[in-house]
Amino acid sequence: EFDTDLIFDTPVLGRGYVPFTVCLAPDYTDRYDLLSATFVMVAGLWHPWPPHLRPRPGRDTESDDRIVLVFEWQNGISCQLYIEKASGTASGYEMLVRSTGEWPLWQEIYTPFLQAFDYQYVEQIRQAAPDVALYGTIIGPLGAFTTFFGIERSSLLFYDEPAFAEQALDWLTDVAIEVGRDLIQHGVDFLRVGEAPVSLLSPALYRQYVLPRHRRLTQALKQAGGCPIVHSCGRAAPMLEAFAEAGFCGIEPLTPPPLGDVNLAEAKRRVGNRVCLKGNLDPVHLVSICSPAEVEAQTYRCLEIGSPGSGYILSIADCMVPGTPIENLYAIAQAVHSFRPRS
């Protein structure tokens, strides 16, 4: 409808093998928001399979402001996901890996079962829009590492158990390469490497522990014919040169202040001749609340800054805010298709 050039997040579903069960509080098993919230954990652990859902008897959820969903795997591992009653969105989960001794069990859970991936929707998109680029997602090694161990504990593991941290990051890099190659083989052009936690690291810590894994990941995906783009929302400005050194083809979502710290003109000056830049339209303070005229004006501004010398993809900085007026999306599309770079 918006004459787009790229479709984001190629959907991949499973073919029936379900490795885990989600136990819900019995009074909420029919709540769509709770079922959709389970997707947070499913996506976070890169399982393309819908879970079995069953009530968790004997829990009085009315006495708690949060509803607990319990994830149980067949090898005995389990964890809890907390859901806010008011919104139905995930508010957090207990630390997945309680000790490094549990790591082999979590490796069993996280090992991708590529034979179960179903690419029927990718094929449908290809048939319906053969000229549109497909943009899929894989979870980067640090993103997965912090999902399992938590942000604070992951950071401490770099100092307390560096050998284990490096071993785990190496293995998670192998998983990302395997999944990424499968997506590329099935027609995905661009691969968003989800690495939001990178914005919480110092450039020095990133270069020591993560950059070597990112370089190996980008080389493997490029050799397979893909185009890896790093996704690091929030505070990404200090990391721009490091991302370029890691071999990424692009950087997104270039979150502007106050949500992030990326100035598009500065990013263009610093790394615009080395990587493609994507994003910088504020979804919260601009696109979701401002007038179509204001949105269109800011879209033009991003295009004027990003387009010289090419290497810029106009997009919203991260996710669309629920309730965003469709008129503002039309304003973005109108600005993009009417924009003419200055000679």
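## A buried pair of rings

Let's start with a single side chain: Phe248 is buried, with a relative accessible area of 2%. Here, buried means under 20% relative accessible area, exposed means over 50%, and partly exposed is in between, using a 1.4 Å probe and protein chains only. Phe243 counts as buried too, at 0% relative accessibility.

Rings of Phe, Tyr and Trp (its six-membered ring) pair if their centres lie within 6.5 Å; planes under 30 degrees apart count as stacked, over 60 as edge-to-face and the rest as tilted. By this rule there are 20 aromatic pairs. In the pair formed by Phe243 and Phe248, the ring centres are 6.3 Å apart and the planes stand at 85 degrees, so the arrangement is edge-to-face.

## The model as a whole

This is a predicted model, in which local features need pLDDT of at least 70 and side-chain atom pairs count only at pLDDT 80 or more, while totals for chains, interfaces and linings use all residues. Residues are numbered from 1 along each chain as its sequence is written, and side-chain values use heavy atoms, with hydrogens and water left out.

The protein has twelve helices and 14 strands. Helices (H or I, at least four residues) and strands (E, at least two) are DSSP runs, numbered from the N terminus. Of its 343 residues, 51% count as buried. Contact means heavy atoms within 4.5 Å; among contacts with a separation of 6 or more, 76% are between residues 24 or more positions apart.

## Helix α9 and its neighbours

Helix α9 covers residues 264–271, and Arg270 lies in it. The buried residues of α9 are Leu264, Ala267, Lys268, Arg270 and Val271. They pack against α8 (240–245), β12 (250–252), β13 (276–278), α11 (292–306) and β14 (312–313).

Two polar contacts are worth a look here. The term refers to a pair of N or O atoms within 3.5 Å; within protein, one must be able to donate a hydrogen and the other to accept it, and residues adjacent in sequence count only if both atoms are side-chain atoms. Asn263 caps the N-terminal end of α9, with a side-chain oxygen 3.1 Å from the backbone nitrogen of Ala265. A polar atom of the Arg270 side chain lies 2.7 Å from the backbone oxygen of Ala237. Leaving aside residues up to four places away in sequence, Arg270 touches Ala237, Pro238, Leu240 and Glu241.

## Cysteines

With a disulfide taken as a pair of cysteine sulfur atoms within 2.5 Å, the count comes to zero. The closest cysteine sulfur to that of Cys276 is in Cys227, 7.4 Å away, too far for a bond. Cys302 counts as buried, at 0% relative accessibility.

On a 1 Å grid over the protein atoms alone, a cavity is a set of points where a 1.4 Å probe fits but cannot get out, and a pocket is an open set with protein on both sides within 12 Å along at least five of seven lines; lining residues have an atom within 4 Å of a point. There is one cavity of 30 Å³ or more. The largest cavity holds about 40 Å³ of space, where volume means the space filled by probe spheres set on the points, which are joined across faces, edges and corners. Its lining is made up of Trp46, Tyr110, Ile138, Ile139, Val175, Ala176 and Val179. β9 (133–139) and α6 (162–185) each give two or more residues to this lining, and α6 gives the most, with three.

The second largest pocket holds about 1100 Å³. Of its 33 lining residues, Thr4, Leu6, Leu314, Ser315 and Ile316 lie nearest its centre. The largest share of that lining, five residues, comes from α12.
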